[in-house]
Protein chains: 2
Amino acid sequence: MADVARKAGVSAMTVSRALKDDQSVSAKTRTRIMKVIEELGYVLDLSAGALSSKRTGFVSVLIPSINNSNFSETMHAISSVMETADLHVLIGYSDYSVQREEVLIETMLRRRPEGIILTGGFHTPKGRRMLERADIPVIETWDLPPDPVRHVVGFSNAETIVSLMRRLYERGYQKIGFICGEPPSDARGMDRKRGYLQAVDELGLARAHVVFTGQAPISIKDGAEGIVRMIEEWPDVEAVICVSDLVAFGAMTECLRRGWDVPGRLAIAGFGDFEISRFAWPSLTTVSVGCAEIGRRAGELMLEAIKHNRDGSTLPVEIQQVPYEVVERQSTGTQDAPPKAPSGKKAKKQKNT
Amino acid sequence: MADVARKAGVSAMTVSRALKDDQSVSAKTRTRIMKVIEELGYVLDLSAGALSSKRTGFVSVLIPSINNSNFSETMHAISSVMETADLHVLIGYSDYSVQREEVLIETMLRRRPEGIILTGGFHTPKGRRMLERADIPVIETWDLPPDPVRHVVGFSNAETIVSLMRRLYERGYQKIGFICGEPPSDARGMDRKRGYLQAVDELGLARAHVVFTGQAPISIKDGAEGIVRMIEEWPDVEAVICVSDLVAFGAMTECLRRGWDVPGRLAIAGFGDFEISRFAWPSLTTVSVGCAEIGRRAGELMLEAIKHNRDGSTLPVEIQQVPYEVVERQSTGTQDAPPKAPSGKKAKKQKNT
DNA sequence: CTGTTAGCGCTTTCAC
DNA sequence: GTGAAAGCGCTAACAG
């Protein structure tokens, strides 16, 4: 920057200003400076600026996995919002491990982010302590933690499955199973299982049956294996809910492969409304969550909170619930078209929350 | 850090050392310092350290999309390698736009990354100039650019499709179509299309037919739409190659929905070997690329290059080709099990490169 | 093994 | 509208 200043015949301070404010530098000076910057190929160094201005321009976002279209969508929405305020997102993924999350929290804090957005409300004690001491806005998402660190933008995973169970019950299904990953698995999956057990109880169903298959992130393959065990262990089962759409897809294709008609022999439902569920044949019943909505809201809340933090005030705690909906499709036999006699594509939806 | 030093009765320098070297600080002093750090909840500030040491500890990685299991895998492998050297990855996604990539390159350079890994070899002139002037290691991946910026870890996208076409030709298919996104689309998709056209020519096939559908990233939905247009425009078509597995999956399910048997009426193949292709029913023929291998190699090459850069030397240019393979499955009728008569699961593979 | 001094490249603050 | 001085929180380099 000193080089640029010298060549433009101004002080470094003026160069710095030309790169920011649109006010205090005269148009003539600015264009001259810009020309020199272009010539020299100079690129502003934010890390030096961060040190002196005490604004790093970073926001940390922690997600369980980068390879999951639900979290990617939330991520994408968050960065879009951050971009509008010239904030960069530091992405970290925990691989569904709170221990790894704890390490991530510390390495992130070393970069002095101006805020941190987490997935879920379950952290190690040390991780939580670090979050509380960091003195920056904290937002937990994709969950409704009983004892949140501070702000929340999420929904109850358990409740979504209760809604789904009720819908299946209304359609006449009584013997309903659940497939999820082996504990310790992702916390949200366990919440969904909790919702399943609660619904079995509430609806007075005779029996609950959970098949645990694979370690998080469980996927298509685990669904294929899980459904086989489900049928072996509980031949009477009429419907199976899977902890995610990929698992449901795996379960469904394994059924087709073995000649078990879906939904004729067995209904299947998932969670997450991945694109694959809309286009699978038969299409998959699922729970649709506003992934991008979570990201957008968390991002905007973060901007608010950072603004407050910068001018020394504090944003009151916000707990935002994001709506979800049960989307019924062919795999639970609740959409017009049976697999073998194709027709319309529209699914029946009903909004919750 | 000054607080910690005071409370531990040492200088700040000793605290700094205790947090790094394992040598020069006595065990007693170190434990005392660590205890104070624990008490105070102190977290090292890397941005200040970066300024003085001239090592930011950042490496930038630019990918087209965060929501793509191929790139996620590469990404994951890169960060795993970087972690071993205490380097943080700054992720940026271009949304398949070189203009956005150009902006990203500049914002990334503002953070003074110690190296930059890009997807593809196609950049704007300004983007390329910035990369060249940055004086940090540059690695282009997922491609074999004719005029690389510096290092490369990739493969020829065109060649993969030529291999796939040859295989289909050997199986007796002659009327083969191609589905991809509308230009300007992702550069790698266009390379694959180029490979398709080249193979049509080489194999002396009567006619080439390309259906362009949707803007990148094109996905399941676009495949479903594309296949319908393909059949309308070229009713004789015997096999269709899709620019990616998701597109192929969309094409295939649309066929099933309309009662067009796959591969009976029409063979379908994709690209990328997504998990869905292995588990779809019928399973999808595809090209398997070593996504994680690209990431691992690019990461290791980057560590090498950074080491050289730090001690003032220069690593000679490396162009690494990563192997790929054509994986034949049910959707091209080249695997034992026909869709309606399930049996074994093993696919026929053959390695290239 | 530990301390002192200087300075990384910006921005804040205050002066003109 | 522009400049000068001071300093952000660390670490390199050298001294002891």
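Two strands pair if DSSP finds at least two bridges between them. Helices (H or I, at least four residues) and strands (E, at least two) are DSSP runs, numbered from the N terminus.

## About the model

This is a predicted model: local features need pLDDT of at least 70, side-chain atom pairs count only at pLDDT 80 or more, and totals for chains, interfaces and linings use all residues. Residues are numbered from 1 along each chain as its sequence is written, while chains are lettered from A and ligands numbered from 1 in the order in which they are written.

Start with strand β8 of chain B, residues 239-242. Strand β6(B), residues 176-180, pairs with β8(B) in the parallel sense over 4 bridges. Which residue of β8(B) is the bridge partner of Ile179(B)? The partner is Cys242(B). Strand β9(B), residues 267-269, also runs parallel to β8(B), and 3 bridges join them. There, Ile241(B) has Ala269(B) as its bridge partner.

Both faces of β8(B) are covered. Ala239(B) and Ile241(B) are buried on one side, Val240(B) and Cys242(B) on the other. A residue is buried if 20 or more other C-beta atoms lie within 10 Å of its own, exposed if 12 or fewer, and partly exposed in between; C-beta atoms are placed from the backbone. β8(B), α11(B) and β9(B) form a right-handed β-α-β unit. Right-handed means that, with the strands pointing away from the viewer, the path from the first strand over the helix to the second runs clockwise.

## The six-stranded sheet

Chain B has an open sheet of 6 strands, in the order β2-β1-β3-β4-β5-β11, with parallel pairing. Its edge strands are β2 (88-93) and β11 (319-321) of chain B, and each pairs on one side only. From one strand to the next, the twist averages 15°. Axes are lines fitted to C-alpha atoms, for helices over the stretch in contact, and angles run from 0 to 180 degrees between N-to-C directions.

Helix α5(B), residues 69-83, packs on this sheet. The helix touches β1 (58-63), β2, β3 (116-119) and β4 of chain B. Its direction makes about 170° with that of β1(B). Contact has a cut-off: the C-beta atoms of the two residues, placed from the backbone, lie within 7 Å. Inside the sheet, β4(B) (138-141) and β5(B) (151-154) pair in the parallel sense over 3 bridges. Thr141(B) stands opposite Val153(B) in β5(B).

## An antiparallel pair

Strand β10(B), residues 286-289, and β12(B) pair in the antiparallel sense over 4 bridges. Thr286(B) stands opposite Val327(B) in β12(B). Why is β12(B) largely enclosed by the rest of the structure? The reason is that 4 of the 5 residues of β12(B), which covers 324-328, are buried.

## A loop residue: Arg55(B)

Arg55(B) is in the loop between α4 (46-53) and β1 of chain B. Is Arg55(B) buried or partly exposed? It counts as partly exposed, because it has 16 C-beta neighbours inside 10 Å. Leaving out residues up to four places away in sequence, Arg55(B) touches Ala50(B) and Glu114(B). Glu182(B) is 127 residues from Arg55(B) in sequence and 42 Å away in space, C-alpha to C-alpha.

## Where the two chains meet

In this interface, 39 residues of chain B are in contact with 39 residues of chain A. Several helices of chain B supply at least two residues each, among them α4, α6 (98-110) and α10 (220-233). By class, the chain B side has 18 nonpolar, 10 polar and 11 charged residues. Here Ala, Val, Leu, Ile, Met, Phe, Trp, Tyr, Cys and Pro count as nonpolar, Asp, Glu, Lys and Arg as charged, and the others, Gly among them, as polar.

## Around the DNA

DNA strand C is surrounded by 22 residues. The closest are Met1(A), Ser16(A), Gly49(A), Ser52(A) and Ser52(B). A residue is near a strand if its C-beta atom, placed from the backbone, lies within 6 Å of it. Which element gives the most to the surface near DNA strand C? It is α4(A), with 5 residues. This surface has 10 nonpolar, 11 polar and 1 charged residues.

DNA strand D is surrounded by 22 residues, the closest being Thr14(A), Ser52(A), Met1(B), Ser16(B) and Gly49(B). Near DNA strand D, α4(B) gives the most, with 5 residues.

## Chain A in brief

Chain A holds 13 helices and 13 strands. Of its 353 residues, 52% count as buried.
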